[in-house]
Every structure is written in structure tokens, then in C-alpha cells.
Amino acid sequence: MRTTTDIGGAPPVVSPVVLPVVLPVVVVCPPRTLLLDVAGPVEVLRKANLLQDRVRFHVVHAGPCPEVASSTGLGLAGLVPLPEPLPDGATILLAGAAELVLGDPAPPGEAERAAEAAIVAWLRAQVGPGHRLVSICSGALLAARAGLLDGHACTTHHAACAELAALAPAARVLEDRLFVEDGERLTSAGITAGIDLMLHLVARLVDPACAAAVARYLVVYLRRAGHDPQLSPWLEGRNHLHPAIHRVQDAVSADPARAWSLEILADIAATSPRHLSRLFNRHAGMSLPAYVNALRVALARDLLARTRLDMESVAERAGFASPRQLRRAWGRLHDGPPSAVRAG
């Protein structure tokens with residue numbers, strides 16, 4: 001417990017110390033690990049740990065061998081043994097592997113194939129309900145060999161989709177996707193798409209504002225094509241480098257329900273209201289009211305999915321003056337009514 005005393009000698013106020021939620025993450029490094037498959041997603045988690053203290057990602061790097069070569073030729077040492085049993089609630093991050101290592105024309109040898117088989121056997125024996133399996137790039141092939149993608153929608157690097165379909169005929173392989181989430185199975189396409197997937201997880205496990213801040217730090221925002229998953233409203237309009245507009249977006253995403261006025265946001269941007277409106281349209285690609293309403297609708301959608309609050313309470317908590325105003329804003333972004341979230 002922590003105690004504080006008010007100025008003037010008032011009795012001490014006792015406030016509880018809130019400990020962070022610790023989420024174990026096991027990063028599995030196969031032989032010839034694609035280095036960016038590890039560095040990109042784990043960098044997202046490292047920055048998320050630095051930006052907030054409510055959720056702590058406890059990351060360990062593991063493998064069947066204490067040392068493996070990476071795709072760039074850099075050795076990865078100090079790997080811990082694959083944990084048995086896996087901690088409850090653990091996230092297993094499966095990195096992909098390169099066929100050829102920089103500077104080494106030799107294909108994988110018998111020892112490397114044996115190490116991959118050991119990973120597959122470990123996955124089959126240890127991953128159960130309550131474990132979140134996240135694969136990056138060709139890491140999905142290891143999950144498929146372990147039978148962990150059967151009955152699930154999934155994806156991988158476009159060059160490996162046919163192999164994934166052959167290894168997991170009971171899975172539904174989706175091409176041209178950055179990532180696919182199906183229950184406790186999350187798979188991503190090639191290499192840098194692992195960053196997109198980990199940002200998605202941070203938005204869900206911590207909050208969208210943290211994910212947006214990490215994306216800003218990594219200078220990655222929008223990389224979506226026609227067949228990619230619908231863009232998160234928390235990241236939409238952030239594909240720019242204007243610091244004042246990012247300050248405004250950070251403030252709104254941290255508290256969408258606040259009664260934001262153009263004047264308050266202009267103070268945050270240190271500019272005039274009229275100039276802020278021009279800057280926001282130019283750099284974010286939308287009007288400031290449209291941005292605020294999109295985040296409020298996203299907040300309302302989350303409340304509808306997670307709570308049993310009535311529509312009036314949802315509208316109020318999301319920053320709308322009435323359910324009618326919520327439905328009007330909702331209709332600009334979604335085909336069905338807000339009630340369809342619960343009906344589905």
C-alpha cells in the first residue's frame with residue numbers, strides 16, 4: 001500500500017498499489033530465423049512496455065538449440081529451452097525461417113531439419129486452450145505441421161501460401177492479407193506484416209492509444225490494400241509525420257468521449273483553429289470532426305461488444321449527446337445498426 005499526506009497535516013490517504021498484468025511471451029527462433037520476424041514484433045512489445053505500466057509483456061527467446069543463425073548471418077545466442085509446460089495465458093510467437101542465409105549458399109542441413117521437427121513436436125505437445133499462437137511469415141508452416149491451424153482461417157507469406165494449404169488441408173488459407181485472427185490463432189504475411197499484427201494485439205491487450213503511439217515511434221501506420229483487413233479507426237489518418245497533428249490525434253485517441261472543441265485542440269497543436277482544420281485535412285486526409293466521431297464510434301462498438309449497457313449509456317460513455325446522435329455517426333461508417341454488434 002502507498003500512503004500520501006495532504007498539505008496541512010491531514011490524515012494519510014491510503015491508495016492501493018496497482019501491479020501490472022504480466023503477459024508471458026515465448027518467441028520461438030527456428031534455425032535460419034528471419035531476423036525481422038523477431039525484431040519487428042518484439043520491438044513493438046518493448047516500446048509498449050516503456051509507454052505504459054498497466055500491462056507488462058515478459059518476453060523470452062527460446063529454441064531447441066541455445067544458438068541459431070539468422071537470415072542475415074548474425075548469430076542469435078542465449079536462447080532458453082522451449083518451456084515445458086507453457087505458462088497459462090502465454091503467447092507463442094513463431095518466427096519464420098529463411099531458406100538461404102546471407103553469405104552461406106548451403107541449404108538447410110540435417111541438424112537444422114531435426115531442430116524444426118523438435119519445434120513442431122513441442123508445439124503439438126504444449127500449445128493448448130488459453131494459449132495464443134502468433135505466427136510471423138513462414139512460421140505458420142511450423143504451426144501447420146503441428147496441426148494447430150486445422151479448422152482455422154490463416155495466412156502466411158504469399159510465396160508460401162500453397163505450401164501452407166498443402167500442410168494444413170483442414171485450414172482455410174487466405175491470400176493477400178496482412179494478418180488473420182481466428183480465435184487463439186493469429187497468422188501474418190511476410191516479414192514486416194508481423195509489426196502490423198503485433199500493433200493489433202497491443203491495441204487489444206493494452207489500448208488503442210498505446211498501439212498508435214508505438215506505431216508513431218516505429219513510423220508505420222497504413223499499409224493496407226484492397227483485400228486487407230478493415231483498417232482500425234485508431235490508426236486511420238496517422239500516415240503522416242506532422243508533430244502537431246499527431247499531438248492532437250494522441251489527445252483524442254486517449255479520451256475520445258471528452259467534449260473536444262476546435263479551440264481546445266488548437267491549443268494542443270499550438271496553432272489557430274482555422275489553421276488546425278486546414279492542417280488536419282491535409283495531413284490526416286479527413287476533417288477533425290470526422291476523426292473524433294470515428295474514434296467515438298469505435299469506442300461505442302467496443303462497449304457494445306464487451307458490456308450489457310443500454311444504448312443511452314453506451315452513447316453517453318462514447319461521447320455522444322444521445323443514442324440518436326450515435327446512430328447517425330454510426331450510419332456513416334457501418335451498414336447495419338449498432339444493435340447488430342450484439343445480435344452477431
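**Close-up views of a predicted model**

Figure 1. Helices (H or I, at least four residues) and strands (E, at least two) are DSSP runs, numbered from the N terminus. Just after α6, V219 has a positive phi of about 55°. This is a predicted model, in which local features need pLDDT of at least 70 and side-chain atom pairs count only at pLDDT 80 or more, while totals for chains, interfaces and linings use all residues. Residues are numbered from 1 along each chain as its sequence is written, and side-chain values use heavy atoms, with hydrogens and water left out.

**Figure 2. The buried side of α6.** P208, C210, A211, A212, V214 and A215 are the buried residues of α6. Buried means under 20% relative accessible area, exposed over 50%, and partly exposed in between (1.4 Å probe, protein chains only). These α6 residues pack against α1 (35-51) and α5 (193-205).

**Figure 3. Helix α7 and its cover.** Among the buried residues of α7 are I245, V248 and V252. Their cover includes α6 (208-218), α8 (262-269), α9 (273-284) and α10 (288-306).

**Figure 4. L100 in its loop.** L100 sits in the loop between β8 (91-94) and α2. Its relative accessible area is 49%, so L100 is partly exposed. Leaving out residues up to four places away in sequence, L100 touches R32, S71, P105, A106 and P107; contact here means heavy atoms within 4.5 Å. The C-alpha atoms of L100 and L178 are separated by 24 Å, and the two residues are 78 apart along the chain.

**Figure 5. The whole chain, for orientation.** The chain has 13 helices and 13 strands. Its C-alpha trace spans about 65 × 55 × 40 Å along the principal axes. Of the 344 residues, 44% are buried. Among contacts between residues at least 6 apart in sequence, 61% join residues at least 24 apart.
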